Structures are given as structure tokens and as C-alpha cells.
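Please keep the structure open while you read.

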Amino acid sequence: MLISSVLLALAGAFCLALGSALQERDAVRAPGHQIARAGFLLHLLRRPRWVLGTLAAATGVVLHLVALSGAPLTIIQPIGVT
């Protein structure tokens, strides 16, 4: 059970990193006049890469939580941080 939890934590960390990278790419390239406005989120929601990044990040969080159910926090958390 410990080995599978560590592998889940690794997969979760990868998904979180991938999701952050995908989201950052579209957020940085958004038109400057829309930043910090209500339309900014709508702009991002129309970008498939940003939505995919959000789904990848959510998957990473779920995998991290599942990993925590099978191993102690002191083992799983450092994997997620790296």
C-alpha cells in the first residue's frame, strides 16, 4: 500500500506541475487590458489549454488526497512539494 501511495503522489505532483504550466501559459498571454477584471476569467475559460490545465491540477489534487489515505503525511507531502 505504501508503494502505490508513493506512486500516486508522484503522479499527482506531475499533474499539478503540468496543470500549473498550462494555466500560466494562457494567463500570461491574455490581453493586458483584461487582467484583474471580471472578463479575465471568461477569457481564460474560452481557452482549451487553460481548461485542460485546470483539469490536470484538479486531478493532481485528487491523486494527492488518495495518496494521503494510504501513507502518512510525512512521506506524501515532500513528494508533492518536489
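**Notes on the chain**

1. **A buried isoleucine.** I76 counts as buried, at 0% relative accessibility. Buried means under 20% relative accessible area, exposed means over 50%, and partly exposed lies in between (1.4 Å probe, protein chains only). I76 sits in helix α4. Leaving out residues up to four places away in sequence, I76 touches S5, V6, A9, H64, A67, L68 and A71. Contact here means heavy atoms within 4.5 Å. Take H64 from that list. The C-alpha atoms of I76 and H64 are 7.7 Å apart, and the two residues are 12 apart in sequence.

2. **What you are looking at.** This is a predicted model, in which local features need pLDDT of at least 70, side-chain atom pairs count only at pLDDT 80 or more, and totals for chains, interfaces and linings use all residues. Residues are numbered from 1 along each chain as its sequence is written, and side-chain values use heavy atoms, with hydrogens and water left out.

3. **The helices.** How many helices and strands does the chain have? There are four helices and zero strands. Read from the N terminus, the order is α-α-α-α. Both kinds of element are DSSP runs, numbered from the N terminus: helices are H or I with at least four residues, strands are E with at least two.

4. **Overall form.** The radius of gyration of the chain is 15 Å, whereas a compact globule of 82 residues would have one near 12 Å. That radius is taken over C-alpha atoms, and the globule rule is 2.2 Å times the number of residues to the power 0.38. Along the principal axes, the C-alpha atoms fill a box of roughly 50 × 20 × 15 Å.

5. Of the 82 residues, 29% count as buried. The chain exposes about 5,300 Å², and carbon and sulfur atoms supply 73% of that area. Accessible areas come from the Shrake-Rupley method with a 1.4 Å probe; for residues, only the protein chains shown count as cover. Now look at contacts with a separation of 6 or more: residues 24 or more positions apart account for 68% of them.

6. Is S5 buried or exposed? S5 is buried, with a relative accessible area of 3%. This serine belongs to helix α1, residues 2–28. Neighbours within four places aside, S5 is in contact with A67, G70, A71 and I76.

7. **I75, next to study.** I75 is in helix α4, which covers residues 73–81. I75 is partly exposed, with a relative accessible area of 32%. Not counting residues up to four places away in sequence, I75 touches L2 and V6. I75 and V6 are 69 residues apart along the chain, yet their C-alpha atoms are separated by 7.8 Å.

8. **One salt bridge.** The structure holds one salt bridge. D26 forms it with R49, and the closest N and O atoms are 3.2 Å apart. D26 lies in helix α1 and R49 in helix α3, so the pair ties together parts that are 23 residues apart in sequence. A salt bridge is a side-chain nitrogen of Lys or Arg within 4 Å of a carboxyl oxygen of Asp or Glu. D26 is buried, at 8% relative accessible area. R49 counts as partly exposed, at 31%.

9. **A nonpolar patch.** Which residues make the nonpolar surface patch of about 440 Å²? L41, L42, L45, V51 and L55 do. Patches are made of residues with over 30% relative accessible area and no salt bridge; like charges are joined within 9 Å, and nonpolar side chains (Val, Leu, Ile, Met, Phe, Trp, Tyr) within 5 Å. Helices α2 (38–45) and α3 (48–70) each supply at least two residues of the patch. The largest share, three residues, comes from α2. V51 is found in α3. V51 is partly exposed, with a relative accessible area of 31%.

10. **A record to compare.** An unreviewed UniProt entry lists residues 50–76 as "transmembrane region". UniProt positions are given in the numbering used here, feature names are shortened, and annotations may be inferred rather than shown by experiment. In the model, residues 50–76 are 93% helix and 0% strand, with the end C-alpha atoms 27 Å apart.
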